[in-house]
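The stops below each begin with something to select.

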Amino acid sequence: MAEGKVKALVWSEFTEPKDVYPESQFPRFQVFADMGFASLQKTELDITRPIEEALKTVPGVIEVRSMTERGTSTIDMFLGWHVNLKDSFQYVLAKMGEISGTLQNVNVQVIRITTSSYPMSEYGIWCDSMT
């Protein structure tokens, strides 16, 4: 009996559609910047603050949060729900282009947050007996 349930679970994993939820957009962007093995202070001064200041000037921005580690920085940018996300994404890329001269040897990646940004799955397996 349990073997049949396992076979059904494996079969459904490969035959069921993966995109159960519709594609949706969230008014949020993330900017990842990597400088290698720079110190925390250098990362904060040379990467995080200039990017934060540039992102605060994008129209429709509500909040900018950041997390700085040695050599890397993650900046979250939250926009209002009424904002056109395609235009805002272009603004963000333009701002990154404007300050790229000050970001020496820094790899910058900008992503839009969608439902597939944080993939997850949930499985429930149960049995009537403990055998």
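Because this is a predicted model, please read every value below as computed from predicted coordinates. Begin with Leu-85, whose contacts, leaving aside its neighbours within four places in sequence, are Gln-25, Phe-26, Pro-27, Phe-29 and Leu-79. Leu-85 belongs to helix H3, and with a relative accessible area of 13% it falls under the 20% limit and is therefore buried.

**The whole chain**

Now zoom out and select the protein chain, in which you can trace 3 helices and 4 strands. Followed from the N terminus, these elements come in the order α-β-α-β-β-α-β. The chain has 131 residues, of which 30% count as buried.

**Helix against helix**

Next, select residues 40-55, which form helix H2, together with residues 85-99, which form helix H3. How do two packed helices come to be described? The angle between their axes and the distance between the axes are used. Here the axes of H2 and H3 come within 10 Å and cross at roughly 135°, which means that H2 is oblique to H3. The crossing of these two helices is right-handed.

To see the contact itself, show side chains for Pro-50, Ile-51, Ala-54 and Leu-55 on H2, and for Val-92, Lys-95, Met-96 and Ile-99 on H3. Sorted by class, the residues in this contact are 7 nonpolar and 1 charged, with no polar residues.

In soluble globular proteins, nonpolar side chains tend to be buried together. For the largest nonpolar core of this model, which has 23 residues, select Phe-29, Val-31, Ile-51, Leu-55, Met-77, Val-92 and Met-96, the members that touch the most others. Two or more residues come from each of strand E1 (25-34), H2, strand E3 (72-79) and H3, and H3 gives the most, with 5 residues.

Is Leu-55, one of these members, buried or exposed? Leu-55 lies in helix H2, and it counts as buried because its relative accessibility is 0%. Beyond its neighbours within four places in sequence, Leu-55 is in contact with Val-31, Val-61, Val-64, Ile-75, Met-77, Val-92 and Met-96. A line between the C-alpha atoms of Leu-55 and Met-96 spans 8.4 Å, while the two residues are 41 residues apart along the chain.

From Leu-55, move on to Met-77, whose contacts, with neighbours within four places in sequence again left aside, are Pro-27, Arg-28, Phe-29, Leu-55, Val-58, Val-61, Glu-63 and Val-92.

**A last stop in a loop**

Finally, select Asn-105, which is placed in the loop between H3 and strand E4 (107-114). At 72% relative accessibility, Asn-105 is over the 50% limit and so counts as exposed. Which backbone angle deserves attention at Asn-105? Phi is near 55° there, a positive value in a residue other than glycine. Most residues other than glycine have a negative phi.

Definitions and conventions: Residues are numbered from 1 along each chain as its sequence is written. This is a predicted model: local features need pLDDT of at least 70, side-chain atom pairs count only at pLDDT 80 or more; totals for chains, interfaces and linings use all residues. Side-chain values use heavy atoms; hydrogens and water are left out. Axes are lines fitted to C-alpha atoms, for helices over the stretch in contact, and angles run from 0 to 180 degrees between N-to-C directions. Angles under 35 degrees count as roughly parallel, over 145 as roughly antiparallel, 65 to 115 as roughly perpendicular and the rest as oblique. A crossing is left-handed if the near helix is turned anticlockwise from the far one by less than a right angle, and right-handed if clockwise. Contact means heavy atoms within 4.5 Å. Ala, Val, Leu, Ile, Met, Phe, Trp, Tyr, Cys and Pro count as nonpolar, Asp, Glu, Lys and Arg as charged, and the others, Gly among them, as polar. Buried means under 20% relative accessible area, exposed over 50%, partly exposed in between (1.4 Å probe, protein chains only). A nonpolar core is a set of buried Ala, Val, Leu, Ile, Met, Phe, Trp, Tyr and Cys residues joined through side-chain atoms within 4.5 Å.
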